[in-house]
Structures are given as C-alpha cells and as structure tokens.
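Q: Please take a close look at one part of this model, the packing of its helices, and then relate that part to the positions annotated in UniProt.

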Amino acid sequence: MTRRSIVLINGPNLNLLGTREPQIYGHESLADVVALAKQNAERLDVKLYDFQSNHEGAIVDRIQQAREEGVNGIIINPGAYTHTSVAIRDALLGVEIPFIELHVSNVHAREPFRHHSYFSDKAVAIIVGFGVKGYEYALDFVATSPKFA
Ligand SMILES: O=C(O)[C@]1(O)C=C(c2cccc(Sc3ccccc3)c2)[C@@H](O)[C@H](O)C1
C-alpha cells in the first residue's frame, strides 16, 4: 500500500519562531518543529515534505506543486497571510487537497484582525492555541484520518 504524503507549509516570519515573543509562540524553533514532525512521520509511516516561505506567491506555487506530487493532505500555518490571502485560499481550493489550518497562538484571544481567517471555512480541521504541540496533533490526524486517505 502506498504511504500517505503530507506537506507542512509555514508562512511568513515562522522561520523566526522561537526567537522572540516566547510567551506567545514558545521557545522552539521552526527547525525543532520540523525535526520532530519528521520523526513522527517516520513513526506514522507517512512521507512528510516541509516548506516555509515569507512570500505569498511561493506558498501558492508550493500548494500547486502538491497536486502534481499526489499529496494526500496539507498542514498549513499561513501566519499573517491567514488574515489577508485570497490567493492562498484560491490555491488550496484549486488543488482540491484536504488541509488542516494550524496556529501556534490562540488567534481568537489576540487582536481583532487575527480573528478572521480566509481558510477556516474550508479546512477539514483547525488547530489553534496549543503552541507547537499543535503540529503533532495535526500530523497524527492527517496520518490516520480517512478524510486524508
Ligand atoms: O499563531 C500563529 O501560528 C500565527 O499563524 C502566526 C503568526 C505570526 C506572526 C508573526 C510572527 C510569527 S513567528 C515569530 C514570533 C516571534 C518572533 C519572530 C517570529 C508568527 C500570526 O501572524 C498569526 O496571526 C498567527
């Protein structure tokens, strides 16, 4: 049986995770998050691709590439693009790959402009406010749920 494949996409400024505002985002770096995700992917027998970009079009391109790769699911932390990007929304809808929206912080307990997402209504699930632990929860779900078969 072919292994499931998953793309983990992190948006702008998440390359700086762990360097500032630890009270909001924790102390772990993105490299720490990805390393643990790769370990968990091995345990779950799934193929994990990781991608981070500060550029909207590059994220759109990576989402489009996922369709060519035959990816089963996408886990995306769009960062600030959560609140602004119709282009990324359109890319996600266009490739017809189920996705989980993830946020390290509880965006609903922060500034009002962070309360709206261009993705939530189309996400299979939304993981918010669990810190970087949310990446583990998302991977476990995508690796095992029939919604990503
Ligand atoms: O909570 C998140 O994961 C979120 O997606 C992440 C965001 C975010 C914003 C700025 C920086 C970072 S990562 C960071 C944190 C501290 C210092 C440097 C980078 C994440 C926000 O734009 C979003 O509203 C929420």
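**Helix packing and annotated positions**

A: In this predicted model, helix α2 passes helix α5 in a right-handed crossing. Two packed helices are described by the angle between their axes and the distance between the axes. For α2, which spans residues 30-44, and α5, which spans residues 133-144, the axes come within 10 Å and cross at roughly 25°. Because angles under 35 degrees count as roughly parallel, α2 is roughly parallel to α5.

On the α2 side, the contact is formed by Val33, Leu36, Ala37, Asn40, Ala41, Arg43 and Leu44. These residues meet Tyr135, Glu136, Leu139, Asp140, Ala143 and Thr144 of α5. By class, the contact of α2 with α5 comprises 8 nonpolar, 2 polar and 3 charged residues.

A further helix pair is formed by α3 (residues 56-69) and α4 (residues 86-95), with axes that come within 9 Å and cross at roughly 5°. That angle makes α3 roughly parallel to α4. From α3, the residues in contact are Glu56, Ile59, Val60, Ile63, Gln64 and Arg67, and their partners in α4 are Ala87, Ile88, Ala91, Leu92, Gly94 and Val95. The contact of α3 with α4 divides into 8 nonpolar, 2 polar and 2 charged residues.

The annotated positions come next. In an unreviewed entry, UniProt lists Tyr25 and His103 under "active site". The two positions are spread over 79 residues of sequence, yet they cluster in space, with a largest C-alpha distance of 9.5 Å. Both Tyr25 and His103 belong to the lining of the largest pocket. Tyr25 is located in helix α1, which covers residues 22-25.

The unreviewed UniProt entry also carries the annotation "binding site", which covers Asn77, His83, Asp90, Val104, Ser105 and Arg114. These positions extend over 38 residues of sequence and are also spread in space, with up to 24.2 Å between C-alpha atoms. From this set, Asn77, His83, Val104, Ser105 and Arg114 are included in the lining of the largest pocket. His83 is placed in the loop between β3 (73-77) and α4, and α4 is the helix that packs against α3 with axes within 9 Å.

How values were computed:
Residues numbered from 1 in each chain as written. Predicted model: local features only at pLDDT ≥ 70, side-chain atom pairs only at ≥ 80, totals over all residues. Heavy atoms only, no water. Axes fitted to C-alpha atoms, helices over the stretch in contact; angles between N-to-C directions. Helix = DSSP H or I, 4+ residues; strand = E, 2+ residues; numbered from the N terminus. Parallel < 35°, antiparallel > 145°, perpendicular 65-115°, else oblique. Left-handed = near helix turned anticlockwise from the far one by under 90°. Contact = heavy atoms within 4.5 Å. Nonpolar A, V, L, I, M, F, W, Y, C, P; charged D, E, K, R; others polar. UniProt positions renumbered as here; feature names shortened; annotations may be inferred. 1 Å grid on protein atoms, 1.4 Å probe; cavity = no way out; pocket = protein on both sides within 12 Å on 5 of 7 lines; lining within 4 Å.
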